[in-house]
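Please load the model in your viewer and keep the selection tool at hand.

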Amino acid sequence: LPNFYYSENEDLKEINRQITDFYYPIIEMEQQAMEEGEILSYDLVDWQAAAYNDVLFLHVYAYSYDWEEHAAFYIDLNTMKQLTAEEMLQRLYL
């Protein structure tokens, strides 16, 4: 999973915390299920990132056979501050 290392930036620390708090328990649960030979609940936990117009778009997700979990984070690459969805849409003139 993505992690912003060696940063004192509070916004990036908060993004790290949100990802860790939500997605690491899923991964740990699935690792335990594999060790015990049980069926997995989630097939995939992954992430994607792209940059456009000085905004980093970070998408973290988990898929199960009948459920999906998604988190989207928008980061201004000039200030390294997290943008709200509204701020990101304004930045893209949408």
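Is Arg91 buried, partly exposed or exposed? Select Arg91 to begin: at 25% relative accessibility, this residue counts as partly exposed, where buried means under 20% relative accessible area, exposed means over 50%, and partly exposed lies in between (1.4 Å probe, protein chains only). Before going further, bear in mind that this is a predicted model, in which local features need pLDDT of at least 70 and side-chain atom pairs count only at pLDDT 80 or more, while totals for chains, interfaces and linings use all residues. Residues are numbered from 1 along each chain as its sequence is written, and side-chain values use heavy atoms, with hydrogens and water left out.

Asp76 lies in strand S3 (residues 68–76) and Arg91 in helix H2 (residues 85–91), so the pair ties together parts that are 15 residues apart in sequence. Helices (H or I, at least four residues) and strands (E, at least two) are DSSP runs, numbered from the N terminus. Asp76 itself is buried, with a relative accessible area of 8%.

By the salt-bridge rule the count comes to five, and salt bridges that share partners join Glu8, Glu10 and Lys13 into one network. Select Lys13 and Glu8 to look at one of these contacts, a salt bridge with an N to O distance of 3.3 Å. Glu8 is exposed at 66% relative accessible area, whereas Lys13, at 34%, is partly exposed.

Next, move to helix H1 (residues 10–35) and pick out Asp21 and Arg17, which are four residues apart there and therefore separated by about one helical turn. Their side chains form a salt bridge in which the closest N and O atoms are 2.7 Å apart. Asp21 is partly exposed at 47%, and Arg17 is partly exposed at 40%.

For the last stop, select Leu1, Tyr24 and Trp47, which make a nonpolar surface patch of about 250 Å². Patches are made of residues with over 30% relative accessible area and no salt bridge, like charges being joined within 9 Å and nonpolar side chains (Val, Leu, Ile, Met, Phe, Trp, Tyr) within 5 Å; accessible areas come from the Shrake-Rupley method with a 1.4 Å probe, and for residues only the protein chains shown count as cover. Trp47 sits in strand S1 (residues 42–52) and is partly exposed, at 37% relative accessibility.

Key. A salt bridge is a side-chain nitrogen of Lys or Arg within 4 Å of a carboxyl oxygen of Asp or Glu.
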